Amino acid sequence: MNTPFQNALSQLERATKLVSFPADFLKRIAQPNRQIRVSLPVNMDNGTLNIYEGYRVQFNNARGPYKGGIRFHQDTDMEEVKALAFWMTLKCAVANIPMGGGKGGVTVNPKELSETELEALSRAWMRSLVDVVGPQKDVPAPDVNTTPEIMAWMADEYAKRTGDTTGAVITGKPLEAGGSQGRATATAQGGFYVFEALKEKLGLPEVCKVVIQGFGNAGEHAADIWTKAGHKLVATSDSKAAIRNPEGLDVLALYEHKKATGSVAGFAGGETFERDELLYQECDVLIPAALENQIREDNVDRLRAHIVLELANGPTTPEADDRLFARGIAVIPDILANAGGVTVSTFEWEQNVKHEHWSEEDVFAKLKSIMHQEAQLIFHRSQDLHTDLRRAAFVIALERLEQAMKI
Ligand code: NAD
């Protein structure tokens, strides 16, 4: 199987076959500006010392400071972080926000750490990278397994080392620590605005049956938002199991069950089934909201969805994209579908820099306007180019990046 970065480069190559770009630009956009690897020492509760490997990839800052989350996961490595940083570069260009692309990570299973150890690790990451991040240089955020609390520890560590207490160095902070209204739900909310903008164009019914892979931050908020808008969540999953109910799952009760037991498995309001069968449930909207490489050449033909909306980054491989396109199954690509997260992160950064506080109403009104506009633009471009939405989104992002780099 290709690495996520190989997939990212293959997506780039496919899009640039449709519209040509200067060769020098393409050489530059395929390579990160900087890749940083750090050793993070943590004194464990049992008195031993553990050293974890941490990363920051600063991919491209032609349009603004590097921007992108930090992932804590046992399988995270430099290759994965590099791919995520590349996608961030395109995503910020798709959303047309004044940010470049970056991403960070630590190879660790945070579920094996105590709270004290997790705080020490988070502070160590910021301490090691304090010289390369900053409100006008590189602004990290949460990603898989990193929380608002972790962002607050990192912001505090940055303030201690630099004296900058604006909080603008990192986004996704709790409200009390300079976070933005709406940030917690922004990724899912942005995805929903895109869905709304394209629903009719993609021939979706009034009430959609929705399946969500991954009941974490992005997934559970999506479940809440889609069902509150009258759609039906017929199945969802986490790293342990999947759960389904053709009549619709009760999202709040499922959330409480997951909070109490650690998994969706065994929820009384549905039938528990094998985790990886989730993708093959019949539905109108399939929302991958877990990890990369989930929809591949070897399983894509088993999908029974009308459209795929990627809240996760990189869930569909390029080969699977082609098969879905041939079957008329539209894929709303990650760099559009989940751009709500980084967009509201950028609103948070702007509020911190200007010492402002915006209402939730304001935040969502601005987010909706961006997502609707960019979704329409990408849809029309895909029609003009007779291609899929991912290639169209890449072309638009690359045009904006090329302009910025030329200037
Ligand atoms: P999270 O850690 O809160 O949730 C991830 C969920 O996926 C968990 O419920 C986990 O149990 C589940 N999971 C892991 N492996 C699985 C598998 N094989 N099958 C089913 N479920 C599985 O992470 P998150 O922040 O919700 O991020 C999820 C995805 O969304 C990632 O690709 C991330 O990069 C992307 N994303 C998140 C944000 C954000 O603001 N949180 C923004 C943009 C993109």
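Welcome to a predicted model, in which local features need pLDDT of at least 70 and side-chain atom pairs count only at pLDDT 80 or more, while totals for chains, interfaces and linings use all residues. Residues are numbered from 1 along each chain as its sequence is written, and side-chain values use heavy atoms, with hydrogens and water left out. The chain is assigned domain 1 (32-177) and domain 2 (180-407), with bounds that come from an automatic or database domain assignment.

**Around the ligand**

**Backbone atoms facing the ligand**

- A polar backbone atom of Ala-218 is 2.8 Å from an oxygen atom of the ligand.
- Gly-216 has a backbone N or O atom 3.3 Å from a ligand oxygen.
- For Leu-311, a backbone N or O atom also lies 3.3 Å from an oxygen atom of the ligand.
- The protein buries 89% of the 830 Å² that the ligand exposes when taken alone (accessible areas from the Shrake-Rupley method with a 1.4 Å probe).

**Where the two domains meet**

- The C-alpha centres of domain 1 and domain 2 are 23 Å apart.
- In contact (heavy atoms within 4.5 Å) are 39 residues of domain 1 and 32 residues of domain 2.
- About 2,800 Å² is buried between the domains, with carbon and sulfur atoms giving 67% of it; buried area is the accessible area (1.4 Å probe) that two parts lose on being put together, summed over both.
- Of the area that domain 1 buries against domain 2, Trp-87, Lys-91 and Val-94 supply 23%, more than any other three residues.

**Charged pairs**

- Two salt bridges are found across the interface of domain 1 and domain 2 (a side-chain nitrogen of Lys or Arg within 4 Å of a carboxyl oxygen of Asp or Glu).
- Arg-71 and Glu-292 join their side chains in a salt bridge, at 2.8 Å from N to O.

Technical notes
Polar contact = N/O pair within 3.5 Å; in protein donor to acceptor, adjacent residues only side chain to side chain.
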